[in-house]
Amino acid sequence: MTILCVRFQLPPMHEAALPGLLGLLEEFTPVIEALPPDGALADLRGAERYFGRDAVELASVIRVRALARYGVDCLIGAGPGPMLARMALYDARPGVTCAVPEDAVTEFLAGKPVTALPGVGTATARTLGEYGLDTLDRVAAAPLSTLQRLLGAKTGRELHERANGVDRGRVVPGAVSRSLATERPFERDELDPDRHRRALLSAGEELGARLRALDKVCRTLTLTVRYADRSATVRSRTLPEPTAHTAALTRAAYGMYEALGLQRARVRALALRAEGLDSAEQASYQLTFDPVDEKVRRIEEVADRARARFGPRAVIPGTLAA
């Protein structure tokens with residue numbers, strides 16, 4: 001296990017603390033890839049040899065230093081590659097690193113839904129599910145030719161490799177992030193759907209504001225619902241057009257949430273991730289003559305100027321909902 005995926009449990013809108021926390025990781029290795037707003041990948045191959053400790057032991061030291069210096073706890077997943085470390089993170093809990101040894105990759109992946117693999121969205125999962133390929137062990141056992149016929153040559157090959165634990169990813173220091181994420185944890189396990197929707201509205205507004213501040217648009221939105229039993233559901237949706245529009249992001253988030261059909265679910269946290277980021281200047285848009293939509297976009301511009309001048313709390317959550 002040489003790769004750590006670390007998610008610092010920062011309060012919402014406190015991503016300014018991330019550079020300092022990344023500096024803490026740099027005390028162990030220079031090979032760090034930031035995952036804004038609150039995470040990072042760290043390649044510890046050199047650190048393991050230098051410090052004479054394995055990745056799990058180093059993760060414990062990182063956790064203690066983050067608490068001592070910044071008062072911030074963290075969740076840590078460890079694995080032989082970035083993909084497996086990211087997946088391990090979902091099973092991690094405070095104080096305990098979830099580690100996937102190289103000789104236990106098959107057992108770790110077995111039984112997990114195909115949506116547990118990063119990049120596998122609802123449409124792909126639906127296609128595979130129609131043929132009974134709803135778990136990673138079933139996908140791993142399926143003939144490569146079958147997956148390529150269902151998903152295409154490249155996608156089928158990549159999915160087959162990843163379902164079999166082949167992780168060709170690497171940690172890229174200084175890489176430009178292709179995604180933005182935010183999370184809304186609840187103080188206690190929350191059953192009220194109205195509170196879930198308000199959390200999604202707040203998260204959608206934050207993502208929209210951050211995308212516009214970076215002059216970016218996103219192509220895909222991913223919703224993660226974390227439950228009281230530490231399990232999670234992940235859903236992705238490709239947007240009709242690349243956007244940084246708060247109303248469009250919120251509508252997509254609501255749509256994915258409603259499609260889950262949660263009944264009295266004890267939700268611990270909701271997270272949204274905007275993926276496939278591109279420059280807003282290079283994106284194409286469908287022309288609209290809807291005066292309501294145009295009005296909302298003008299309000300967004302005013303709100304963005306207010307945030308730039310007075311800080312992120314200058315705009316009351318919910319005021320930009322369409």
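**Ground rules.** I worked from a predicted model in which local features need pLDDT of at least 70 and side-chain atom pairs count only at pLDDT 80 or more, whereas totals for chains, interfaces and linings use all residues. Residues are numbered from 1 along each chain as its sequence is written, and side-chain values use heavy atoms, with hydrogens and water left out.

**Overview.** I looked up the secondary structure and found 12 helices and 10 strands in the protein chain, taking helices (H or I, at least four residues) and strands (E, at least two) as DSSP runs numbered from the N terminus. Of the 322 residues of the protein chain, 47% count as buried, where buried stands for under 20% relative accessible area, exposed for over 50%, and partly exposed for the range in between, with a 1.4 Å probe and protein chains only. I then turned to contacts, which are heavy atoms within 4.5 Å; among those between residues at least 6 apart in sequence, 67% join residues at least 24 apart.

**The five-stranded sheet.** I traced an open sheet of five strands in the order β2-β3-β1-β4-β5, with mixed pairing; two strands pair if DSSP finds at least two bridges between them. Because β2 and β5 each have a single partner strand, they stand at the edges, and one side of each is left without a neighbour in the sheet. Strands β1 and β4 (residues 74-79) run antiparallel and are joined by six bridges, and I noted that Arg7 stands opposite Leu75 in β4. Helix α3 packs on this sheet, touching β1, β4 and β5, and its direction makes about 20° with that of β1. For such angles, axes are lines fitted to C-alpha atoms, for helices over the stretch in contact, and the angles run from 0 to 180 degrees between N-to-C directions.

**Helix α4.** I found α4 lying across β1, β2, β3 (39-43), β4 and β5, running at about 140° to β4. Seven of the nine residues of α4 are buried, namely Pro82, Met83, Leu84, Ala85, Met87, Ala88 and Leu89.

**Nonpolar cores.** I next listed the nonpolar cores, each a set of buried Ala, Val, Leu, Ile, Met, Phe, Trp, Tyr and Cys residues joined through side-chain atoms within 4.5 Å. The largest has 32 residues, and those with the most contacts inside it are Leu128 and Val139. The elements that give two or more residues to this core are β1 (3-8), α4, α5, α6, α7 (136-141), α8 (144-151) and α9 (153-163), and its largest share, six residues, comes from α4. Leaving aside residues up to four places away in sequence, I saw that Val139 touches Val114, Leu128, Leu133, Leu147, Leu159, His160 and Ala163. A second, separate core of 30 residues includes Ala199, Leu200, Leu223 and Leu272.

**Salt bridges.** I counted 15 salt bridges in the structure, a salt bridge being a side-chain nitrogen of Lys or Arg within 4 Å of a carboxyl oxygen of Asp or Glu. Arg65 forms one with Glu27, the closest N and O atoms being 2.8 Å apart. This pair links distant parts of the chain, with Arg65 in helix α3 (residues 55-70) and Glu27 in the loop between α1 (18-26) and β2 (32-35), 38 residues apart. Arg65 is partly exposed at a relative accessible area of 31%, and Glu27 is partly exposed at 36%.

Asp91 and Lys112 meet in another salt bridge (3.0 Å, N to O). Asp91 lies in the loop between α4 (82-90) and β5 (98-99) and Lys112 in the loop between α5 (105-109) and α6 (122-129), so the pair ties together parts that are 21 residues apart in sequence. Here Asp91 is partly exposed at 36%, whereas Lys112 is buried at 17%.

I also noted the salt bridge of Arg266 with Asp189 (3.0 Å, N to O), which links the loop between α11 (246-260) and β9 (267-275) to strand β6 (residues 179-190), the two residues being 77 residues apart. Arg266 is partly exposed at 47%, and Asp189 is partly exposed at 21%. Salt bridges that share partners join Arg7, Glu183 and Arg226 into one network.

**Cysteines.** Finally I looked for disulfides, meaning pairs of cysteine sulfur atoms within 2.5 Å, and the count comes to zero.
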